[in-house]
Amino acid sequence: MTPELITVIYEYRKLSNVVVKYIDENTGVEIPGVDEITTTYKEGDPYTTEKKDIPNYTYTKDTKNLSGTVGRENIEVVYYYKKNATIVAKYLDRYTTDKVAEEVTIQGLEKNPYTTEQKTVSGYAYDSVDGNTAGEMPS
């Protein structure tokens, strides 16, 4: 009598990393203090990522591969942000520096365009402006 052959098969799945980065859109550099996240998955596993709320930054776009199925290659997911910026337009008496109209605050994102307006103020004639009335939001 011949002994029966027994075959034992060990199966493996390739490991791949999903790397999530949080990048300043204007500089192309990772945002300081916000670490990238690397998670290791097995080929065929589902993955999902999420953007973060980052103080003083606003999310603007991403690489569109925020979730999916892990393959044989590493996956890089990038969330892009821009710094928040503020412009304040003040309306003052040239000689006393007293406020003659309510200031206007413009909230925007770094390097986005802004425009301020000269106001008509009762009892005053426009004289001059100090600063850029239009341009890019500051860094």
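## Close-up views of the predicted model

**View 1. K51 lies over the face of Y59, at 4.8 Å from the ring centre.** Welcome to the first close-up, where charges sit over rings (NZ of Lys or CZ of Arg within 6 Å of the ring centre and within 35 degrees of the ring normal). K61 and Y80 give another example: the charged end of K61 is placed over the Y80 ring, 5.3 Å from the centre of that ring. What you see is a predicted model, with residues numbered from 1 along each chain as its sequence is written, and local features need pLDDT of at least 70 while side-chain atom pairs count only at pLDDT 80 or more. Totals for chains, interfaces and linings use all residues, and side-chain values use heavy atoms, with hydrogens and water left out.

**View 2. Four tyrosines, Y22, Y59, Y79 and Y81, come together in one aromatic cluster.** The model has 5 aromatic pairs. In one of them, Y59 and Y79 are tilted, with 6.3 Å from centre to centre and 55 degrees between the ring planes. Y59 belongs to strand 4 (residues 57-62) and Y79 to strand 6, so this pair links distant parts of the chain, 20 residues apart. Y59 pairs with Y81 too: their ring centres are 6.0 Å apart and their planes at 75 degrees, so this pair is edge-to-face. Here Y59 in strand 4 and Y81 in strand 6 tie together parts that are 22 residues apart in sequence. Rings of Phe, Tyr and Trp (its six-membered ring) pair with centres within 6.5 Å; planes under 30 degrees apart are stacked, over 60 edge-to-face, the rest tilted. Strands are DSSP runs of E, at least two residues long.

View 3. Y59, in contrast, is partly exposed at 30%. Buried means under 20% relative accessible area and exposed over 50%, with partly exposed in between (1.4 Å probe, protein chains only).

**View 4. R72 and E43 join their side chains in a salt bridge, 2.7 Å from N to O.** R72 is in the loop between strand 5 (67-69) and strand 6 (75-92), and E43 is in the loop between strand 2 (37-42) and strand 3 (46-48), so the bridge ties together parts 29 residues apart in sequence. E43 is partly exposed, with a relative accessibility of 26%. The model holds 7 salt bridges (a side-chain nitrogen of Lys or Arg within 4 Å of a carboxyl oxygen of Asp or Glu).

**View 5. D127 and R94 form another salt bridge, at 2.2 Å from N to O.** This pair also links distant parts of the chain: D127 is in the loop between strand 8 (113-115) and strand 9 (134-136), while R94 is in the loop between strand 6 and strand 7 (99-109), 33 residues apart. R94 is exposed, its relative accessible area being 53%.

**View 6. D62 meets K64 in a salt bridge of 4.0 Å, N to O.** Look at the two partners in turn: D62 is buried, at 11% relative accessible area, whereas K64 is exposed, at 70% relative accessibility.

**View 7. I6, V8, Y10 and Y12 make a nonpolar surface patch of about 600 Å².** I6 is found in the segment before strand 1 (15-24). With a relative accessible area of 69%, I6 is exposed.

Definitions and conventions: Patches are made of residues with over 30% relative accessible area and no salt bridge: like charges are joined within 9 Å, nonpolar side chains (Val, Leu, Ile, Met, Phe, Trp, Tyr) within 5 Å. Accessible areas come from the Shrake-Rupley method with a 1.4 Å probe; for residues, only the protein chains shown count as cover. Helices (H or I, at least four residues) and strands (E, at least two) are DSSP runs, numbered from the N terminus.
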